[in-house]
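I opened my notebook to log what I looked up in this structure. Entries follow in the order I made them.

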Amino acid sequence: MIDDDMRYRAVDSRDSRFDGVFFTAVTTTGIYCRPSCPAVTPKRVNCTFYPTAAAAQGAGFRACRRCRPDSVPGSPEWNHRADLVGRAMRLIGDGVVDRDGVAGLAGRLGYSSRQLQRQLTAELGAGPIALARARRAQTARLLLQTTDLPVTEVAFASGFASVRQFNDTVREVYDRTPSGLREEVAAGRRTTGPAGGLTLRLAYRGALDSDHLIDFLALRAVPGVEEVVAGARPGVRTYRRTLALPYGHGIAEVDGLATADPRTRGWLDCRLRLTDLRDLTTAVHRLRALFDLDADPGAVDEQLGEDPLLGAHVRARPGLRSPGHVDPHELAVRAVLGQQVTVVAARTLAGRLARTYGVPLAEPSGGLDRLFPTAAALAVADPAHLAMPAARKRALTGLCAALAEGAVRLDGGVDRDQAAAELLALPGIGPWTVGYLRMRALADPDVFLPGDAGVRHGLLRLGAAGDSKSATATAQAWAPWRSYAVHRLWAASSGEGAAGRPDTGTDPVRTGVTSTGVTSGAGVTSDRAGRGVPAGADRPAAEKAECETA
């Protein structure tokens, strides 16, 4: 916890690590800024601090046009906190208030609208409507300044119910009319891309190891749904995928950092093509979760860097993230497909299901031509199309039926412990699968997978005991960041050096396997020769039996 004196010191030193964690309002100017604003530092007596932009706006302050406080990374608290406020902020970020209203948000959280309003206001200084309104204003500014869309279309694409509400909000937040806000950016910098094409930057704080992220996603890319290709700049790789969104679908492209880029560059380049621009806020929120861009790598690396086992790896590769996912239902399906098979085999199975049950795009883009199948479609899939043991077929269809019916929820607003209990109650779903889903689908920063083959090999490679009991004891020192420690063990097991690529051997983007060490995730590994190793062989015996006999 930080107090106002510490906040002021962060402002005085223009510490970008606190961007998005709090906002500084200056009473003499009537504006609010991010902590790293380059303007002259205001006097302490004139500063008031707010936990959210919405709270500052509600107090009558307008956004600084110099530092653009609405474009900062989100607070890392909202990614990781498991309480009501954290769960509510994740759902608000995904656009639930815009789509379902406050009553819909409260219902998904299991609280009354009044209780929710009271708790959010007490802690954040703003209720759900104000928080959603602040996000709409940010989306409106982005569309006004990066596209040539008519102002009326921008209003409704941003989630506003009327043009009047849109105009009033823009004036209040930015002290500009929508037309005036657009004129701040030269016309030549705005795009006229077809079908909702947008170019934007995804901000992050601290260091970012994008090589690890791109390698991780490339190894698991489902044909037709995802791909990693050479980027437009030298030394850049681009992750591309299709997105199923509330109002339509989209295609997202996110560039990793180039070899020459500093890890503290501060943003990743992103391009979005949406069939309905009302999905913009949701698409950005889900991509940020996928790349874990709201994390605080300073806090994570500070603790793990002091550990005698992981310290050298942290110092060599700062900014390692724990990737989430854009669709928790898709991730759940792929986790079950990956039980006791290699990553290549799991990816092949997922590709077959996508070709058979996925929705084809009207206009394919590169290697992307379809959306991943929905849980409802797979719940009634023909068993002949599921090339896997009978027990795993039942596990897959049972899981998909539970997801489709709402008996199990995996969105950002669920209670993690409750979701884990509901998953474990399903046939064929064991502790490893639940832990993997908690780590990626539910953004839990403190998940450890003691029975995972990659974790075991990573520990052995670093000179520690790899058995489950010893691994669990060792990992106690890594709380509350054990999910990040798991990724470091996976990276260590694959022989990744300080540059972020395997020390020797084959490019994982081209082959899907590394030739050194073990690459783990989604329940699959590769040995030193690139051969598949059944991940189930290294999982707890109880889960192996569950998968094989359920």
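How many bridges join β8 to β9, and do they run parallel or antiparallel? I found five bridges, with the two strands running antiparallel. Strands here are DSSP E runs of at least two residues, helices are H or I runs of at least four, and both are numbered from the N terminus. Two strands count as paired if DSSP finds at least two bridges between them.

**Ground rules.** I am working on a predicted model, where local features need pLDDT of at least 70, side-chain atom pairs count only at pLDDT 80 or more, and totals for chains, interfaces and linings use all residues. Residues are numbered from 1 along each chain as its sequence is written, and side-chain values use heavy atoms, with hydrogens and water left out.

**Entry: the sheet.** I traced an open sheet of five strands with antiparallel pairing, in the order β5-β9-β8-β7-β6. β5 (197-203) and β6 (226-230) are the edge strands; each has a single partner, so one side of each lacks a neighbour in the sheet. From one strand to the next, the twist averages 25°. Axes are lines fitted to C-alpha atoms, for helices over the stretch in contact, and angles run from 0 to 180 degrees between N-to-C directions.

Next I took β7 (residues 237-244) and β8 (residues 249-255). Seven bridges pair them in the antiparallel sense. They form a hairpin with four residues between them. I noted two facing pairs: Y239 stands opposite V254 in β8, and T242 stands opposite I251 in β8. I251 also has a bridge partner in β9, namely R273.

Then I looked for a helix on the sheet. Helix α11 (residues 210-219) packs there and touches β6 and β7. Its direction makes about 55° with that of β7. Contact means heavy atoms within 4.5 Å.

I also checked burial for β8. Six of its seven residues are buried, so the strand is largely enclosed by the rest of the structure. Buried means under 20% relative accessible area, exposed means over 50%, and partly exposed is in between (1.4 Å probe, protein chains only).

**Entry: D255.** I picked this residue in strand β8. D255 has a relative accessible area of 10%, so it counts as buried. Which side chains does it reach? Another, of 2.8 Å, runs to the side chain of R271. A polar contact is a pair of N or O atoms within 3.5 Å; within protein, one must be able to donate a hydrogen and the other to accept it, and residues adjacent in sequence count only if both atoms are side-chain atoms. Leaving out residues up to four places away in sequence, D255 touches V236, R237, T238, L268, D269 and R271.

D255 and R271 also form a salt bridge, 2.8 Å from N to O. A salt bridge is a side-chain nitrogen of Lys or Arg within 4 Å of a carboxyl oxygen of Asp or Glu. The pair links β8 to β9 (residues 267-274) across 16 residues. R271 is partly exposed, at 27% relative accessibility.

**Entry: other salt bridges.** How many salt bridges does the rule give? The count comes to 41. One of them is D70 with R141, closest N and O atoms 2.8 Å apart. D70 lies in the loop between β4 (62-63) and α3 (76-80) and R141 in helix α7 (residues 128-146), so the pair ties together parts 71 residues apart in sequence. D70 is buried at 8% relative accessibility. R141 is buried too, at 12%. R288 and D294 make another salt bridge, at 2.6 Å from N to O. Both R288 and D294 are buried.

**Entry: L287.** This residue sits in helix α12 (residues 280-291). L287 is buried, with a relative accessible area of 1%. Not counting residues up to four places away in sequence, L287 touches L202, A252, V254, C270, L272 and V326. I logged a C-alpha to C-alpha distance of 9.7 Å between L287 and E253, which are 34 residues apart in sequence.
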